[in-house]
Amino acid sequence: MYISGFHIEGFGIYRGQGLHGLPPGLILFVGDNESGKTTLMAFIRTVLFGFRRKGSGNDYQPLLGGSHGGRLLLCMQDGRLVTVERLGRQATILTPEEAPRRGEPGELLLGGMDRDTFEHIFAIGLKELQGLEVLTREEVRGRLFSASAGLGPASVPAALKSIDEELAALWAPRAKRRLNTLSDRLRDLARDIKNVEGQAAAYAACRRQKEKLEARARREFEELENLRRRLRRLEQLEQAREPWAMLLTAQQKVQELEEVKDFPPHGLEQLEHLTEDLEQLDLSLREREAEAARLAERLEQIPVDEVLLAQREHIEAAYGEREKIAAALAELPLLRRRLNQAQEEFQGRLQDLGPDWDTARLSRVDTSVAVRQQVQEFGRRLILMERRLEQLQIQERFLEEETETAQRQLEEARRRLDQTPLPVPADPEELRQRKEILSLLRTLRHRLELWTAQLQERRLRQDDARLRLTFLRQQLETGYTPLPWWLGILVATAGFVASAFLSFYTSPLAGNMAVLLAIFLGAAAFLWHRHQLRQARARLAPVADEMQQVKDRIHTLQGEIAELESRLLSAEEEFSDRARQVADPPPEGLEDLERLAADLDQAAQELQNRLALEQEMNRAAAQLAESRERLQQAAEETRQARQELEAWQSKWRAWAVEHGFTPELQPEAFEAVLQTVERAREASAKVEEARLRLGEAESYLAEARSRLRALLEACSRPLPDEAGVEHLDALRRDLKEARENQKTRGDLENRLTAAREHLEHLRALQENKQKALARLLEQAGAPDPDEFRRRAGLHEEYQRWLKNREDSRIALLALAGSPEALARLEQELSQEDALELAREKEALLARAAALSDSVSALNQEVGRLQEQLEHLAREETLGDLLQEQSLLEEQFQEAMQRWAVLVLCRHLVEEARGVYERERQPQVIREADRFLGLMTGDRYRLVASLGDHSIQLEDRTLRRKDQIHWSDGLADQVYLAVRLGLAREFSRHTEPLPVILDDVLVKFDPRRRRGAARVILEFAREQQVLLFTCHPEFAEIVAALQQEDYLQETPVAYFRLSDGTIRPGDPPGIV
Amino acid sequence: MTESPWFSFVHCADLHLDSPFEGLHALEPDIAQVLRRATFQAFDNIIDLAVKEKAAFLIVAGDVYDSAHRSLSAQLRFRESLRRAAEAGVQCFVAHGNHDPLSGWEAELALPEGVHRFGGDRVEQFAVRQGDEILARVYGISYPTREIKDNLVPRFPRKVDGPFAIGVLHGNVGGDPNHDNYAPCSLSDLVSCPMDYWALGHIHNARILREEAPCVVYPGTPQGRNVRETGARGCFLVRVDAGGRPVPEFVPTDTVRWFVETLDISALDNLNDLLEELARLKEDIRTRAAGRGAVWRLSLTGRGRLHTLLRKLDLERDLTQPLREGEAGQTAFVWLESTFLRTRPPVDLARRRQMQDFIGDLLRAADHLRHDPDPPRVLQEVLSRRPEHRLLAVRLAQLASGDWLTLLEEAESLALDLLLEEEED
């Protein structure tokens, strides 16, 4: 696509300015600062991508008036001509073949290009040129790296990052299963295993030590046993010595006390017991006799009321009714009050029903369910009828209001219709036809303008082509006279003549030399002639070819011009015909069409209003008629309802009179009357009940008082006038006292009888004890108790010595173990010296204690060693450690191999990236590199780094420079080259867009500027460039470069900008 | 054997008591406990077999335990098991090998009566008697030290007495490259000796080198202890008929069995299919393990759509752990010790290798390394550029050539995964 023309209605300092017939090559605008260069670039940006949002920058309001905006004439890659018009916010796209379309050109024409991308790549000022941030834009990144790498945009950096992260994680300090941790743990395990591995040697050493100690312990134990046996014998002798001495003494004493050998068993105790018993019996006899005397005296002092005791059962029976009599006495006044209250309530109920009501009438009233249902039915029907009558009356009033409203609406609609004027045209169909014609006329007018612009452009191109043709003809016709062909013959002939002359006059050799020279010169002249002819043909052949191409182009343009003229003529005729149909006088220009369109819109609006009013009036009339009809129906229904209600009210009054009620009684009050009747009946029943209970209470009290008087009389008590419960209570108290006295007397009599029987028993017992004492004294041969006691002491001493003799024998036998051993023991006791034996024992004890300690220590040591051996035998730590070591080794191997895989993977990616950077730069970079080479004379080449999307410069010695080391001028060259590379890359995939450069060469020195001009001309051969510059010498550089062969075909147009005007500029002189 | 045997004996070797299971990546305490006891339990199973079959004697042909670690527990429990056999009337003949040379018998434990240990100075012989009858003569020699590089067969007698002669030797017959070449000899060396049965040890896989005259047998290890020792492991019950012809029968004694399984994901569409397939595989292993515990290693291979998903998973957490659930505590457990992801992205590598783009460059760079005359050297050189390489250099040097190529292949696959991620998405 290229911009073939534009027209500015109003934009900043421009108004009504425009250009047509711009070529597809380089368009150079030269202007001073503030001359409108940036405004013009902003105009193109704005028409293509719209105004920026308010507040986001300069929107170039028209300073000299006119509509804000304008048009761009675009020639698309497929040859279509498109006009993009933006007046205000809306953009309209016009093509000769299609109806005008509204929408954004970026979407509809430029393959979805957005403003930002356009402004950063295609329409750039010095500000947008700076930096390479553009390469980081998503839109760009994909194009830069993905296409030739065969990858997604972020694959390589993401892959490297992922690898590095995992590598770092493998060496993280405290991560489980990571190399550091595993290595540390393995080292610890190896140390632990080494410690445990000495177990077998320790076990053997331990076992040897244990066996040695066990042998020594056995030897010492045997010696200790011998010592203990001797010690036991010494202890036996020592223990036997005392019983042996006691045995000898006892035998001597027994012989001395032989005379008191016989004595009553336990004689002394028997004597003491009998004496003590006799004393106790004397004391008891005296106490019992005194007690019997005291009891007889108390018995005489207690009286008994026999009469009262005889009436005991009657008194207790009467006392059983005491509470009942007391209650009857207390209830009697209460019953009387209740009777009075019941009678008063009954009279009150009768008065509630009416003055003429009495008990007889009360009993006649029918309160059955059937009667109640009849009354409820009357009540329900009457209520329903009353409600229906009320509803009908409300409906009637509402319809009356509705009828009045409809009447008012009808009158209002009529009034508004009368006030509305009749529009022209009054027929909607006619109006629609006029609008269609008007729309067609607008389309035709746009087409006419477009075709006129195209016609002008074709004519300009035809003129250019004719000029070019004239120039070529001149070139073709410009004469070129080569060396004449006959000059060779002439030279040869002259040579032969000279040869003959020289041969004849001088020498044959000179003649021959002259012949050879002549032949040589002749041949040289001929060859030179041939060479000149070939050169002329070579020079003129392209000119002829181009002449033919130019002629073809002129022919094509003539055809197109003729076709456009024909189209214009027919379109103008059609426009005139249609214009006459739509108005008189017929519209001519766009303004007439717009005015006419406004008139038609107004007429359409008026016609629409009138039709709406007519419809409204008709609706109001219909509404009024309907309301009146419904009002009549409602009145009839109200009348019928009222008659029906009155009939049922008469029927109810007749029923009330028939059942004993007044005719004024309403059904809803009937239930209240029945309830009053039932309450009066309940009050009557209460009166009867109270009267009955009072009678019963009075008769019971009379009978109870009679019985009480008879009882008082039988008990010989004074008789009161009116016996009460207090008399009954007194009788009961007296009876209780008489019974207690009777019981006390019985107890005393029993105790007196028992005391007398006990006295007899004690006297018999005393006699028996005295007889037993006499028999005991006789058995011991003692005349009195004192003698008895002396003989008893001697007998006891005899018995004790007998026992000592026996105990000593038993003790000695127990020590010796057998009678034979006892004999040996007695013999040894009689022979050995006790002191010698004690000394021997002391020595033996000391030796035994030492041996015992030693054996105990040895046994403990053996036990400890045994435990140690068992512990070692049970110990399975080594196996556990080895298993853990094996596990960790495997984990370490796994982690190590993963590390190796990651490092190798990273190496492969780096290797591939190196190859890629060296051999497979992205197309964008290759294009940019070519442009940079043109600008710098191949001093640098561009290298794109795949890892971080950066750009580096590589000089001829393959040294690379990062962006930070570039000079300003070099940087701008790189930036420009990258932009042009990107613009070229985009053009491969979407509609090629013109590149607009606004003063981007200001930092370039003259040499670089010339290089940049060469690149721009080169670029413009395939893609249009609009270049704005404040340096007029740049135009001179361009003009000079255009003389070079390969840049001659780049069309260049020159314009000057000055204070909002655009003027064509002449090609400057060649510098 | 149709006729009833004259006598029978049990031949085992390479017990490696109390040595750890190698190559495990993860263990639960319950499973670890079973594995720790597995070597002991396997030897107890051998004793049970000898007692049950009323074997006349038992031969242990070396490598009872790993003397490098001098496990006391192994020595004590070995002695107890021999005592049990001797008390049941089974005589025991023990030779020591490179892993348990006589110099490593440090606990100096006295052997129970009925147990005979071969010395290391010369070939010793013991007669096995049944009443007054001599059933067989057993000739053997132990390793006095770990490394015996001499051929010991010439030390065996050229002439033997008695009806049946057995040679007990721990050594490498035929130079098996997978085992250390200790006491090397050839099969013909053994055949030239007048033995009826050679009870060998040292090679961990059971194999019968010669059926008869003489019968030459490696019983292998009675309990597999690493991923290379898969399948049934046990000992030989040898029945000798009246004619003096030995008939060895292999009897499994292992309590835990190793399995290595490979699953191709090419035909699987989603993760559910994979999990179902793995569950089925696990149950299949349980059946094959026949009531014992099983330890298995899984390798996922093949190219397919699942590769991308699997690469994003935490295999330990999302795949291995679920397959381990409920196994600890079971007698017939099937323990997945680790899962290896050897799958490859569904990329036509041959085509991508030809393409002139980044991936093509990368694949060609990998090929360049792969086809180097000495890939381990050049790959080590790449790794040595990293500073942390010095910490791993010793271990890396122990990797085999095949391991290096596997690492390179995994690196290549990882790079493709990372770079083609967006393309696949």
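Ser73(B) counts as buried because it has 22 C-beta neighbours inside 10 Å, where buried is the class for 20 or more other C-beta atoms within 10 Å of a residue's own, exposed the class for 12 or fewer, and partly exposed the class in between, with C-beta atoms placed from the backbone. The model is a predicted one, in which local features need pLDDT of at least 70 and side-chain atom pairs count only at pLDDT 80 or more, while totals for chains, interfaces and linings use all residues. Residues are numbered from 1 along each chain as its sequence is written, and chains are lettered from A and ligands numbered from 1 in the order in which they are written.

**Around Ser73(B) and Asp18(B)**

Ser73(B) belongs to helix 2 (residues 72–87) of chain B; helices (H or I, at least four residues) and strands (E, at least two) are DSSP runs, numbered from the N terminus. Apart from neighbours within four places in sequence, Ser73(B) is in contact with Glu875(A), Glu876(A), Leu878(A), Gly879(A) and Asp18(B), a contact being a pair of residues whose C-beta atoms, placed from the backbone, lie within 7 Å. Although Ser73(B) and Asp18(B) are 55 residues apart along the chain, their C-alpha atoms are separated by 7.4 Å. Asp18(B) sits in the loop between strand 1 (7–12) and helix 1 (29–52) of chain B, and it counts as buried because it has 26 C-beta neighbours inside 10 Å. The phi of Asp18(B) is near 65 degrees, which is a positive value in a residue other than glycine.

**Where the two chains touch**

Between the chains, 44 residues of chain A are in contact with 49 residues of chain B. On the side of chain A that touches chain B, the elements giving two or more residues are helix 5 (138–149), helix 6 (155–170), helix 8 (199–256), helix 23 (834–874) and helix 24 (877–919) of chain A. Helix 24 of chain A gives the most to that side, with 24 residues. By class, the residues on that side of chain A divide into 25 nonpolar, 12 polar and seven charged, where Ala, Val, Leu, Ile, Met, Phe, Trp, Tyr, Cys and Pro count as nonpolar, Asp, Glu, Lys and Arg as charged, and the others, Gly among them, as polar.

Chain A has 28 helices and 15 strands, and buried residues make up 22% of its 1071 residues. Chain B has 12 helices and 15 strands, and buried residues make up 45% of its 425 residues. Among contacts in chain A between residues at least 6 apart in sequence, 78% join residues at least 24 apart; in chain B, residues 24 or more positions apart account for 72% of the contacts with a separation of 6 or more.

**Two helix pairs**

The table gives the angle and the axis distance for one helix pair in each chain; axes are lines fitted to C-alpha atoms, for helices over the stretch in contact, and angles run from 0 to 180 degrees between N-to-C directions.

| Helix pair | Angle | Distance between axes |
|---|---|---|
| Helix 9 (residues 375–383) and helix 11 (residues 401–419) of chain B | about 55 degrees | 9 Å |
| Helix 21 (residues 785–816) and helix 22 of chain A | about 100 degrees | 8 Å |

The angle makes helix 9 of chain B oblique to helix 11 of chain B, whereas helix 21 of chain A and helix 22 of chain A are roughly perpendicular to each other; angles under 35 degrees count as roughly parallel, over 145 as roughly antiparallel, 65 to 115 as roughly perpendicular and the rest as oblique.

In chain B, Pro375(B), Pro376(B) and Leu379(B) of helix 9 meet Ser401(B), Trp404(B), Leu405(B), Leu407(B) and Leu408(B) of helix 11, and this contact has seven nonpolar, one polar and no charged residues. In chain A, Leu812(A), Leu813(A), Leu815(A) and Ala816(A) of helix 21 make the contact with Ala821(A), Leu822(A) and Leu825(A) of helix 22, and the residues of this contact divide into seven nonpolar, no polar and no charged. Of the 13 residues of helix 22 of chain A, the number buried is one, so this helix lies largely in the open.

**Two further backbone features**

The peptide bond from Ala213(B) to Pro214(B) is cis, with omega near -10 degrees, and Pro214(B) is found in the loop between strand 9 (207–210) and strand 10 (215–218) of chain B. Asp999(A), which is not a glycine, has a positive phi of about 50 degrees; Asp999(A) lies in the loop between strand 12 (995–998) and helix 27 (1006–1020) of chain A.

Note on methods: Contact = placed C-beta atoms within 7 Å.
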